[in-house]
Amino acid sequence: MGIRLPSVIHHAKQVLKLQSRNQTDVPKGHIAVYVGEIHKTRFVVPISYLNHPSFLDLLNRAEEEFGFNHPMGGLTIPCDEDAFLDLTSRLHSS
């Protein structure tokens, strides 16, 4: 019995997008981030992710590319959306 990875990623993507449907509503204990290299997609993630070493690597890349001037008005992470979804899926399951 195996796990169908595409369906897991699709489910994670749907959950994250549902959480970020209202652009001004970020639940307590969460942060909105913009992810993508060209087209930016908004996601809402738990702030507990900010302490995870893999997520910190993404934040360091964001700092190198954007410094503290984020063009989207929020935290922008310059990585592939699929890689971000893979990371958040792993963080959610741990």
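Two strands count as paired here if DSSP finds at least two bridges between them. Helices (H or I, at least four residues) and strands (E, at least two) are themselves DSSP runs, numbered from the N terminus. With that in hand, look at the hairpin of E1 and E2: 5 residues sit between the strands, and glycine 36 takes a positive phi near 145°.

A word on what you're looking at. This is a predicted model, so local features need pLDDT of at least 70 and side-chain atom pairs count only at pLDDT 80 or more, while totals for chains, interfaces and linings use all residues. Residues are numbered from 1 along each chain as its sequence is written, and side-chain values use heavy atoms, with hydrogens and water left out.

Now step back to the whole chain. Its secondary structure comes to 3 helices and 3 strands, and from the N terminus on the elements run α-β-β-α-β-α. Of the 94 residues, 36% are buried, where buried means under 20% relative accessible area, exposed over 50%, and partly exposed in between (1.4 Å probe, protein chains only). Among contacts (heavy atoms within 4.5 Å) between residues at least 6 apart in sequence, 51% join residues at least 24 apart.

The strands make an open sheet with the order E2-E1-E3 and mixed pairing. E2 and strand E3 (75-77) are the edge strands, each pairing on one side only. From one strand to the next, the twist averages 40°; axes for such angles are lines fitted to C-alpha atoms, for helices over the stretch in contact, and angles run from 0 to 180 degrees between N-to-C directions.

Let's zoom in on the E1 and E2 pairing. Strand E1 (residues 30-35) is joined to E2 by 6 bridges, and the two run antiparallel. Isoleucine 31 faces valine 45 in E2 across that pairing, and valine 33 stands opposite phenylalanine 43. Helix H3 packs on the sheet, touching E1, E2 and E3, with its direction at about 15° to that of E2. E2 may be an edge strand, but it's mostly covered: 5 of its 6 residues are buried.

Phenylalanine 43 also leads us to the aromatics. A search of the whole structure turns up 3 aromatic pairs. Rings of Phe, Tyr and Trp (its six-membered ring) pair if their centres lie within 6.5 Å; planes under 30 degrees apart count as stacked, over 60 as edge-to-face and the rest as tilted. Phenylalanine 43 and phenylalanine 84 form a tilted pair, 5.3 Å centre to centre with 40° between the planes. Since phenylalanine 43 lies in strand E2 (residues 41-46) and phenylalanine 84 in helix H3 (residues 81-93), the pair ties together parts that are 41 residues apart in sequence. Both of these phenylalanines are buried. Tyrosine 49 and phenylalanine 55 make another pair, with ring centres 6.3 Å apart and planes at 55°, so this one is tilted too. Tyrosine 49 and phenylalanine 55 are buried as well. Put together, Phe43, Tyr49, Phe55 and Phe84 form one aromatic cluster.

Is asparagine 60 partly exposed or buried? Asparagine 60 has 40% relative accessibility, so it counts as partly exposed. Between asparagine 60 and isoleucine 77 there are 9.2 Å in space, C-alpha to C-alpha, though they're 17 residues apart in sequence.
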